[in-house]
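Hi there,

Here is the structure I promised to pass on to you. Have a look at it first, and then read my notes below.

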Amino acid sequence: MARYDTLVANGTVVIPYVGARRLDVGIRDGRVAALADALPPGEADEVLDARNRLVLPGAIDSHFHLGIYRDLARDAESETASALAGGVTTVLSYFRTGSHYLGKTGPYRTIFPEVVAATAGRAHTDYGYHIGIMTAEQLDEVDWLVGEHGVASFKYYMFYKGLNLTADSTRGSAYTMSDTYDLGHLYLLMQEVAAASRTQGARGRVSLSLHCEQAELIRVFIEQVKYRGPGGLEGYHRSRPPLTERLAIAEALVLADATGCPVNLLHLSSAEAVASGARGRRDLPHLDIRLETTLHHLALTCETAGGIVGKVNPPIRTEGDREALWQAVIDGRIDTVVSDHACCAEEDKGQDLWKALPGFGGTALLYPYLFSEGGRRGLGLARIVELASANPARAFGLYPRKGTLAPGSDADLVVLDPESQQTVTPEVLQSAQDFTPFAGMRVKGWPTHTLLRGRVVFAHGAVQGPPSGQYLKRPVPPLP
Ligand SMILES: [Zn+2]
């Protein structure tokens with residue numbers, strides 16, 4: 001009997017926190033069995049030649065929105081196929097009750113099994129969920145979600161308070177479908193997450209993710225921009241300016257300090273936001289604070305994002321903000337880069353900036369864009385796999401089963417051709433989304449093969465085989 005099911009031979013393997021080395025990877029039973037200078041090809045059933053190619057741990061796209069605007073099951077299938085095209089082998093998707101997604105509220109004891117059932121057998125990548133705790137009733141379910149369902153991360157949206165304030169009803173909001181969604185709710189939620197982290201966090205991190213934009217400031221700035229302009233994406237940026245991120249971060253960190261809750265500051269979009277997050281980490285060294293940015297905030301500006309189709313929260317900003325984010329990626333202040341993938345149709349964007357749905361997809365660009373633009377800016381290979389794979393795996397309770405290539409870890413591998421070049425179109429991204437704000441970008445460095453637990457699931461531009469992604473209970477147990 002062969003010692004390996006598959007041998008990935010002759011490639012340059014990139015190990016996070018270590019670097020790039022010429023190594024062969026032997027795979028058996030879906031896991032990495034051996035890494036060595038040379039493994040005998042005769043001992044493998046199949047040999048995948050990675051000569052002149054890079055071999056990377058599969059990316060963990062830790063900010064995803066399966067089913068936010070489309071049917072959850074259909075989205076799970078089409079959007080994880082797009083993920084494979086960019087070398088993503090695990091997606092961690094946000095889910096919450098309220099408007100969009102399933103469009104209903106209630107206890108997660110009934111709703112969460114429905115979410116898992118809708119995605120079971122449909123995803124091409126492994127997947128897990130971060131859960132938005134939207135109601136007082138759901139606060140009591142945090143511990144149960146961690147312990148029973150392996151949900152190791154939760155979410156709070158700082159700006160939904162504004163949606164409550166502007167709702168017609170004086171009691172609660174049609175959007176969040178909850179009575180009180182405010183800093184008081186956040187305080188209670190942080191207490192719950194901090195408690196779950198203390199009792200269940202020994203195996204891996206349990207944390208709260210925060211969308212940091214401050215609601216009352218947004219209300220004022222939107223009124224000003226609607227009255228005075230400017231229009232377009234520059235107007236959108238000014239209607240939710242970096243000050244709103246900075247204040248939301250300050251509010252969130254005061255409460256994190258009071259409760260000891262581990263937090264993730266999501267999709268930082270501006271120089272001011274990243275400075276606030278980094279300052280918070282410096283001033284509160286006893287807290288566990290992680291900083292995230294997105295591909296679109298690294299790649300696009302108000303001028304280049306294609307107008308209304310580039311609407312997203314927080315907004316795409318200026319060239320100065322983009323440069324500041326790149327600086328923070330390179331100097332290590334930012335821990336993770338994600339796509340914040342939210343598939344929608346061009347028709348959902350429409351002609352009215354204020355009514356257009358926010359968000360769009362980009363997961364297929366995760367490794368290619370970081371490799372292409374990061375390479376141009378001197379970002380090392382090890383840092384690229386740390387930002388897109390190892391750091392998100394550690395932040396969200398998946399490491400070292402995911403996020404690295406080591407004996408015993410899942411054989412989630414990407415073989416990437418550093419010379420292959422493509423101009424971005426919706427077709428290249430292989431998503432159900434019929435447009436892309438990244439259109440026309442020249443990107444160099446695309447996966448030729450993506451392996452999920454040892455099986456080739458994407459090769460030479462096409463998904464291979466039916467969906468084989470599995471639900472991941474987090475924190476994952478230690479390696480055997
Ligand atoms: Zn998001």
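Please keep in mind that this is a predicted model.

Let's start with D340, which is buried, as its relative accessible area of 7% falls under the 20% cut-off. D340 is one of the protein donors of the zinc ion; the others are H63 and H65. The two histidines each use their NE2 atom and D340 uses OD, at 2.0 to 2.1 Å from the zinc ion. Along the chain, these donors follow the spacing H-x1-H-x274-D.

Next, the domains. Domain 1 is made of residues 4-54, 411-431 and 440-463, and domain 2 covers 58-395. Their centres, taken over C-alpha atoms, are 29 Å apart. In the contact between them, domain 1 takes part with 30 residues and domain 2 with 31.

How much area is buried between domain 1 and domain 2? It is about 2,300 Å², and carbon and sulfur atoms give 71% of that. On the domain 1 side, Y17, L429 and S431 supply 22% of the area buried against domain 2, more than any other three residues.

The interface of the two domains also has nine residue pairs in polar contact and one salt bridge. Strand 15 gives the largest share of the domain 1 side that touches domain 2, with nine residues.

Enjoy exploring it!

How values were computed:
Residues are numbered from 1 along each chain as its sequence is written. This is a predicted model: local features need pLDDT of at least 70, side-chain atom pairs count only at pLDDT 80 or more; totals for chains, interfaces and linings use all residues. Side-chain values use heavy atoms; hydrogens and water are left out. Donors are N, O and S atoms within 2.8 Å of the metal (3.2 Å for Na, K and Ca); water is not among the atoms, so sites may look incomplete. Buried means under 20% relative accessible area, exposed over 50%, partly exposed in between (1.4 Å probe, protein chains only). Domain bounds come from an automatic or database domain assignment. Contact means heavy atoms within 4.5 Å. Buried area is the accessible area (1.4 Å probe) that two parts lose on being put together, summed over both. A salt bridge is a side-chain nitrogen of Lys or Arg within 4 Å of a carboxyl oxygen of Asp or Glu. A polar contact is a pair of N or O atoms within 3.5 Å; within protein, one must be able to donate a hydrogen and the other to accept it, and residues adjacent in sequence count only if both atoms are side-chain atoms. Helices (H or I, at least four residues) and strands (E, at least two) are DSSP runs, numbered from the N terminus.
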